Amino acid sequence: MFAISFTDPQARDDDTVAQANRSSTEDQLRELTAFIDDVKAKTGAPKVAIVALSRGGYATREYVAANPGSVTRAALGGTPNHGVWATDFLPGSEYNGRGPFLTKLDAGETEATPGVPFLTLRSDGFDLYAQPDGATVFHKPGMALNVTADGPALKGATNVLLGEVDHRETALSPVAFAEIYRFITGRAPSRIAITREPDVVLNGRVTGVVAGTPTNRPVEGAKVDIYRVSADTGERQGAAALSKTTGADGVWGPATFDPTNALEFVVAAPGAPTTHIYRSPLPRSFAQLDLRPAAPAKEDADAAAVIRMDRPRGYFGLPRDIVLLDGKEPADIPHGVPAAWHTTLRLPSLEDRPIAGEFNEERIVGRPWPAKEGHITILELTD
């Protein structure tokens, strides 16, 4: 299994107009093609199966159309195949269902490349990028987007409705995994839960935010320290298990841990707050654990300590989920369609005590750090 990390994952406002730290559909296709060529060269495999989430489905569809003989199957989770909107707004955007990119991609009697089986996975109304109204995406209630929950489905594909999953969960949830596994292998998975490894080897890169835009470009000169911490208090247990300053490739590891170790990653990167990332124990080895320092927010200016809980694999949905930060349901997570993937607690005074973040059955405990001295705490969920 191989995972691509696109250089600039954010799309341009107009696909044909250059925009700093954002990529065009041509950029994405070029990177995906080079990546697959490299995988085939390394493995000797003549064909690959592709699994994509959201925007990744666009490059996947283009690649399959150009290289049908190189792909066995393609699974798309939550890809807005008929647009996030289909209006006169941003007519050149690749997300506009009326724009030139999707008009070309969706042309023809079948929208899936003949000869290559396609699977689409979609939500039953809980995907914020498949909504008929602009209230969730643009905060403009009553704005007709001319898109429905069926938008990710493709003519000519196997289209599966998963239920009340959010946008990211269309590819990253256990129910999505089961469907993808069955589609690619022809059989149901023997298990869903991850089997613990006796020694967990972790690695990844430090990446950054450039001019307010998240990128996957490596950050050189970032100091990374990793501590084993108490899962109950967030307190450090001994000296740093790893201390390293990144080179031009941004790589911070590898480091080996027990699968029961809760961890604190401290990332001090040039021009960014010192970011303390607390993680639940990781059950298996993982070489793509990228660390991105937090970007300063103007709302944090007066806080003595800032604690943020992030869910990279999905969104928070209320009342669908149980979400607690420091024992309270956060006020900055809207009810209804899951649309927030992080929530922030700002303390008026620095308190030396544990701060717990809870999402359904996962619980992470971290410590507050002084914001006035350029520190921020992130409780990063695995689920």
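1. Thr 195 touches Pro 283 and Arg 284, residues up to four places away in sequence not being counted, and contact here means heavy atoms within 4.5 Å. Between Thr 195 and Phe 177 there are 18 residues in sequence and 15 Å in space, C-alpha to C-alpha.

2. The model is a predicted one, in which local features need pLDDT of at least 70 and side-chain atom pairs count only at pLDDT 80 or more, while totals for chains, interfaces and linings use all residues. Residues are numbered from 1 along each chain as its sequence is written, and side-chain values use heavy atoms, with hydrogens and water left out.

3. Helix 5 (residues 174–185) has 12 residues and reaches 16 Å from its first C-alpha to its last, close to the 16 Å expected at 1.5 Å a residue, the expected span being 1.5 Å times one less than the number of residues. Its buried residues are Ala 176, Ala 178, Ile 180 and Phe 183, with buried meaning under 20% relative accessible area, exposed over 50% and partly exposed in between (1.4 Å probe, protein chains only). What covers these residues includes strand 1 (48–53), strand 2 (71–77), strand 3 (118–122) and helix 4 (169–172). Helix 5 is followed by Gly 186, which has a positive phi near 85°.

4. Helix 2 is mostly covered, since nine of its 11 residues are buried, among them Gly 56, Tyr 58, Arg 61 and Val 64. The cover over the buried residues of helix 2 includes helix 1, strand 1, strand 2, helix 3 (100–105) and strand 3.

5. The axes of helix 1 (residues 25–43) and helix 2 (residues 56–66) come within 9 Å and cross at roughly 65°; axes are lines fitted to C-alpha atoms, for helices over the stretch in contact, and angles run from 0 to 180 degrees between N-to-C directions. In this contact, Thr 25, Gln 28, Leu 29, Leu 32, Thr 33 and Ile 36 of helix 1 meet Ala 59, Thr 60, Glu 62 and Tyr 63 of helix 2. The residues of the contact divide into five nonpolar, four polar and one charged, where Ala, Val, Leu, Ile, Met, Phe, Trp, Tyr, Cys and Pro count as nonpolar, Asp, Glu, Lys and Arg as charged, and the others, Gly among them, as polar.

6. Strand 6 (residues 207–210) and strand 7 (residues 213–218) pair in the antiparallel sense over three bridges, pairing being assigned if DSSP finds at least two bridges between two strands. Within strand 7, Thr 213 is the bridge partner of Val 210, and Pro 218 is that of Thr 207. The hairpin has two residues between the strands, and Ala 211 takes a positive phi near 50°.

7. An open sheet of three strands has the order 14-16-17, with antiparallel pairing. Strand 14 (323–325) and strand 17 (362–366) stand at the edges with a single partner strand each, so one side of each is left without a neighbour in the sheet. Strand 14 pairs with strand 16 (residues 355–359) over three bridges, and Val 323 stands opposite Phe 359 in strand 16.

Technical notes:
Helix = DSSP H or I, 4+ residues; strand = E, 2+ residues; numbered from the N terminus.
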